[in-house]
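Thanks for coming. I will go through some aromatic rings today, and then the strands around one of them. Please have a look at the model first.

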Amino acid sequence: MSRPESPKTLADWQALAASLTSEKGLETRAYIDDAFVDADSGETFTTINPATGEALAEVASCDAADAELAVGHARAAFEAGEWSRLAPGRRKKVLLRLADLLEAHKHELALLDTLDMGKPVASSLGDMAGAIACFRYQAECIDKLYGEVAPTGEEALALVLREPLGVVASIVPWNFPLMMTSWKVAPALAAGNSVILKPSEKSPLSALRLAALAREAGLPRGVFQVLPGFGHTVGQALALSMGVDCLAFTGSTGVGKQLMQYAGQSNLKRVYLECGGKSPNIVFADCKDLTRVAKHAASAIFHNQGEVCIAGSRLLVENSIREAFIDQVLVAAKRMQPGDPLDPDSFMGAIVDEAQYRRILGYIEKGREEGARLRVGGEPLEGPGLFIPPTVFDGVTPEMAIGREEIFGPVLSVFGFDSEEQAVAMANDSVYGLAAGLWSQDIDRIMRVTRRLHSGQVFVNNWAGGDQTMPFGGVKQSGNGRDKSHHSLEEYSELKSVWISLSS
Ligand code: NAD
């Protein structure tokens, strides 16, 4: 079958998928030092396409032995200095080449993510644009980040140098596989570190393809390695390793808490966490164009099947417009039905795996039991794939599980409020603080509420706006790190103070 270079239709994507999943098209081994190898144990795990239930590939299942090996190579590469001490402008060239290679292979990479975790291919292509932009931005930053000369007297020259940390282990989730990877890997590499990537066991394929492209781009051996496998095996080994200087994690709050403990039990490595959320989206009665805002509110939760850390999963609506507004949200939700992820027109795809599917359906059941009013959805589609339609509950209260806990699926919980004060209190009544949105035309109110929201990011009259120039991350139990922007590059470097005595 011929392989479409630039797929556009469902048939094109199906043809590309068939060519990729043929036995020789897919790399499934770990990438250690500068070679693709089986796991030391020889073990593998199966990655499954959740839209069809079919097995995609057997992937190397790394464990502590592979972690130790990779950490040794990473350290050796760091000390050798071929990358860590390379002039920033030359590191930039290699990373820009990698960005070009990602661009050249974006269809294939997008497809791997879609097949692995079920998201619509149009959305995966959007992720690729984000990943490529991230590599380009971080590459461009490298030779623009200065150290400092401290303002001392003439008896000394005092320098504050920025140096790479050493070995960085990046542990990432499955919901935006390559994009989350790029947010971690690009700045860490740009800063001169050696990076070991552990992709999610639910979406390892694009990470392995990235390894091959990184080699082609010219990253020296040992500087970038990929260890597929499970969290409790290879992930834990990396987190406990005495040879890892920094853990850069995106994933659930529960695992984030474990990683901090592992750091305490081992070498006090830096731990940057990007964790979960239950983000409030506040709609005031004075917002402009109810229909448009309702569409955004629906897409804020149903995009990527609701499997989004910043999903606008708590919709807070001023009671005076609540009924009319919910009607519009329901209209929008009904148009966002899940479909074949390979169809470029699908807005939603399949849920990542059986466990997540059961978890989401469990929350829907709980919502019914707790007395919330189910307005639309609630029933999964007929198999074989794992599809759940947009589901909206109204009359949710902060005590209900669906009002407090991260569901990570297409389930919207709607609350009503009567005053600005009440809206802010409800929005902040969460252990999370990743994102928040507000819709209003009153600039005084916008700034008052924005300043009072406990949140790493606030979207005003939009949801999820941002680009590479803006840091991304949360407060409270949503984590402590910041991805993207020059702030993330700074996180991957250490300050060294140098005091040089001078004679007059
Ligand atoms: P998860 O925490 O289950 O897994 C994330 C990664 O950690 C995976 O690679 C997993 O294998 C690994 N892991 C699991 N247990 C581990 C352990 N004991 N030691 C070391 N590694 C371990 O999360 P997930 O289900 O993959 O992703 C969904 C979660 O990620 C949601 O909570 C979501 O909000 C969060 N997320 C946050 C952001 C953000 O930027 N804040 C972005 C995307 C996803």
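There are seven aromatic pairs in this structure, which is a predicted model. I will take two of them.

One of the pairs is tyrosine 31 with phenylalanine 36. Their ring centres are 4.8 Å apart and the planes make an angle of 45°, so the pair counts as tilted: over 60 degrees would be edge-to-face, and under 30 stacked. Tyrosine 31 has a relative accessible area of 4%, which means that it is buried. Phenylalanine 36, at 12%, is buried as well.

The other pair is phenylalanine 459 with tryptophan 463. What is the geometry here, with the planes at 65°? This pair is edge-to-face, because that angle is over 60 degrees; the centres are 5.2 Å apart. Both phenylalanine 459 and tryptophan 463 are buried.

In strand 19, residues 457-460, Gln457 and Phe459 make up the covered face, while Val458 and Val460 are on the uncovered one. Strand 19 runs parallel to strand 18, residues 435-439, and four bridges join them. Opposite phenylalanine 459 stands glycine 437. With helix 15, residues 443-452, the two strands form a right-handed β-α-β unit.

Last, charges over rings. Arginine 445 has its charged end over the ring of phenylalanine 284, 4.2 Å from the centre. Lysine 366 lies over the face of tyrosine 363, and there the distance to the ring centre is 5.0 Å.

That is it from me.

Definitions and conventions
Residues are numbered from 1 along each chain as its sequence is written. This is a predicted model: local features need pLDDT of at least 70, side-chain atom pairs count only at pLDDT 80 or more; totals for chains, interfaces and linings use all residues. Side-chain values use heavy atoms; hydrogens and water are left out. Rings of Phe, Tyr and Trp (its six-membered ring) pair if their centres lie within 6.5 Å; planes under 30 degrees apart count as stacked, over 60 as edge-to-face and the rest as tilted. Buried means under 20% relative accessible area, exposed over 50%, partly exposed in between (1.4 Å probe, protein chains only). A charge sits over a ring if NZ of Lys or CZ of Arg is within 6 Å of the ring centre and within 35 degrees of the ring normal. Two strands pair if DSSP finds at least two bridges between them. A crossover is right-handed if, with the strands pointing away from the viewer, the path from the first strand over the helix to the second runs clockwise.
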